[in-house]
Amino acid sequence: MFVSENLSVNAQGHLMIGKNDAVELAKQFGTPLYVMDEALIRKNCRIYKNAMDRYYGGQGLILYANKAFCTLYTCRIAKEEGLGLDVVSGGELYTAIKAGFPMEKVCFHGNNKTREELELAVENRVGHIIVDNIYELELLESIAAKAGIVQDIMFRIKPGIDAHTHSYIQTGQIDSKFGVALENGEAFEIIEKAVKMQNVRVTGVHCHIGSQIFDLEPFCQAAEVMMQFIGDLKDKLGLEIRELNLGGGYGIMYTRKDDPIEYDRYIEHVSEVVKAAAEKRGVKLPFIYMEPGRSIVASAGITLYTVGGIKDIKGVRKYISVDGGMCDNPRYIMYESEYEAVVANDAAAERTELATIAGKCCESGDILIKDTMMPSVYVGDIIAVEATGAYNYSMSSNYNRIPRPAVVAVNDGEARVVVKRETYEDLIRNDI
């Protein structure tokens, strides 16, 4: 009935997330409201960690991709569950620092890291910086020299794999703003230059082919290509690559038509490719990193809204307007992403009407779900949009000067605010 395993209906017909009544959460904390199920987040962390231990004998580390949902709260969960972190900006890195996260388990990504961001990373002894380009390599060498350290680095490689997903979230092809390509030789050339430097140490290579991918084959292909490249680096440069970061991108169920693969199967199948290639090329099995983000937090989250105006344009479309929209979930207007919704106060009701759930922003494209089957909906109803735990809060904005919603974490029937709701005063705090 629901796309996420943690959702159910109670005796009152209300939507439950874990052991919490969604209608009561809306009453207590207001709407719009992000709700995160901590038990499911931790369960997903353990699925990945256990699979990595099983298929790589403990010679691997899961890095939570912080961009999916970055808060002090999620950094602390990742730390407690024994994961590392993938950060992509100074802000994400600063959040990890303030959360007391062990910096040796942090990988710092990004295609255009600033001097200030790199200095922050070096100063705090980040475990690995994933170098994207020659300019960054030279800048990092000078920063590390000034700090008097040798910084461990990996290089982001474009393996030339076609990931079957939306073009905006494909990242492994040669025409991508990320990384250096294998096809034209630039990946080999930049590593050849790096091994001659004094203040960086090449420990590994990294690739990430895209997001929301439902096929095993592209991940296996990417692993094969990267292992062959590791073999080439040993043969041509005498460089022993100790670490391989294979990124993330594992698909999740947003709608009932999605058919995701069990997360541990990705690790199982890729491990077979990596081990076979290592033996064939005569290289040591590298320490493996993987970077799931969406698949850890997306299904753990819902967003609650209160229905306002309902507009039935005869023969055209029925609009159900809610008190949020593209400011708290811009994924539809960016990618035409699809979601499922339920009336939280009548969660078992039969879906009899075709309707479009619209936001309150001053944009015609401010849609949350277009043309979806819904039950009869009335002003004041609470609508829950499912699987909003990833890239909703992270991508939220103050467009139209709308304050961002609160984030509430639920666990074993308890609920607590982990991110406060913004106020109008927050909106003008930096105005002069």
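Guide: Start with a definition: a residue is buried under 20% relative accessible area, exposed over 50%, and partly exposed in between. Note also that this is a predicted model.

Visitor: Why is R201 called partly exposed?

Guide: R201 has a relative accessibility of 36%.

Visitor: What makes D152 buried?

Guide: The relative accessible area of D152 is 17%. The cut-off for buried is under 20%, and D152 therefore counts as buried.

Visitor: How do you know that the side chains of R201 and D152 meet in a salt bridge?

Guide: The N to O distance between R201 and D152 is 2.7 Å. A salt bridge needs a side-chain nitrogen of Lys or Arg within 4 Å of a carboxyl oxygen of Asp or Glu, so this pair qualifies. R201 is in strand 11 and D152 in strand 9, 49 residues apart, and the pair links distant parts of the chain.

Visitor: Why does the pair of R317 and D371 tie together parts that are apart in sequence?

Guide: The side chains of R317 and D371 meet in a salt bridge of 3.1 Å, N to O. R317 lies in strand 15 (residues 317-322) and D371 in strand 18 (residues 367-374), so the bridge joins parts 54 residues apart in sequence. R317 has a relative accessible area of 22% and D371 one of 37%. Both values fall between 20% and 50%, so R317 and D371 are partly exposed.

Visitor: What makes the contact of E81 with R42 a salt bridge?

Guide: The closest N and O atoms of E81 and R42 are 2.8 Å apart, and the limit is 4 Å, so the pair passes. E81 sits in the loop between helix 3 and strand 6, while R42 belongs to helix 2, 39 residues apart. E81 and R42 are buried.

Visitor: Which residues are linked with E81 and R42 in a network of salt bridges?

Guide: The network also takes in E38, R46, E80 and R416. By the salt-bridge rule, the count comes to 24.

Visitor: Where does UniProt place the feature "binding site"?

Guide: An unreviewed UniProt entry puts this feature at G249, E291, P292, G293, R294 and Y391. From this set, G249, E291, P292, G293, R294 and Y391 are in the lining of the largest pocket.

Visitor: Why is E291 called buried?

Guide: E291 has 6% relative accessibility, and buried means under 20%, so E291 counts as buried. It lies in the loop between strand 13 and helix 10. Beyond its neighbours within four places in sequence, its contacts include L63, D86, H109 and N245.

Visitor: How do you know that the side chains of E291 and H206 make a polar contact?

Guide: The distance between the two side chains is 3.3 Å.

Visitor: Is G249 buried or exposed?

Guide: G249 has a relative accessible area of 12%, which is under 20%, so G249 is buried. G249 lies in the loop between strand 12 and helix 9. Among the residues it touches, other than those up to four places away in sequence, are H208, S211 and F219.

Visitor: What is the confidence in the model?

Guide: The chain averages a pLDDT of 94, and 97% of the residues score at least 70. Over residues 164-172 the pLDDT is below 50.

Terms used: Residues are numbered from 1 along each chain as its sequence is written. This is a predicted model: local features need pLDDT of at least 70, side-chain atom pairs count only at pLDDT 80 or more; totals for chains, interfaces and linings use all residues. Side-chain values use heavy atoms; hydrogens and water are left out. pLDDT is the predictor's confidence in each residue, from 0 to 100. Contact means heavy atoms within 4.5 Å. UniProt positions are given in the numbering used here, feature names are shortened, and annotations may be inferred rather than shown by experiment. On a 1 Å grid over the protein atoms alone, a cavity is a set of points where a 1.4 Å probe fits but cannot get out, and a pocket is an open set with protein on both sides within 12 Å along at least five of seven lines; lining residues have an atom within 4 Å of a point. Helices (H or I, at least four residues) and strands (E, at least two) are DSSP runs, numbered from the N terminus. Buried means under 20% relative accessible area, exposed over 50%, partly exposed in between (1.4 Å probe, protein chains only). A polar contact is a pair of N or O atoms within 3.5 Å; within protein, one must be able to donate a hydrogen and the other to accept it, and residues adjacent in sequence count only if both atoms are side-chain atoms.
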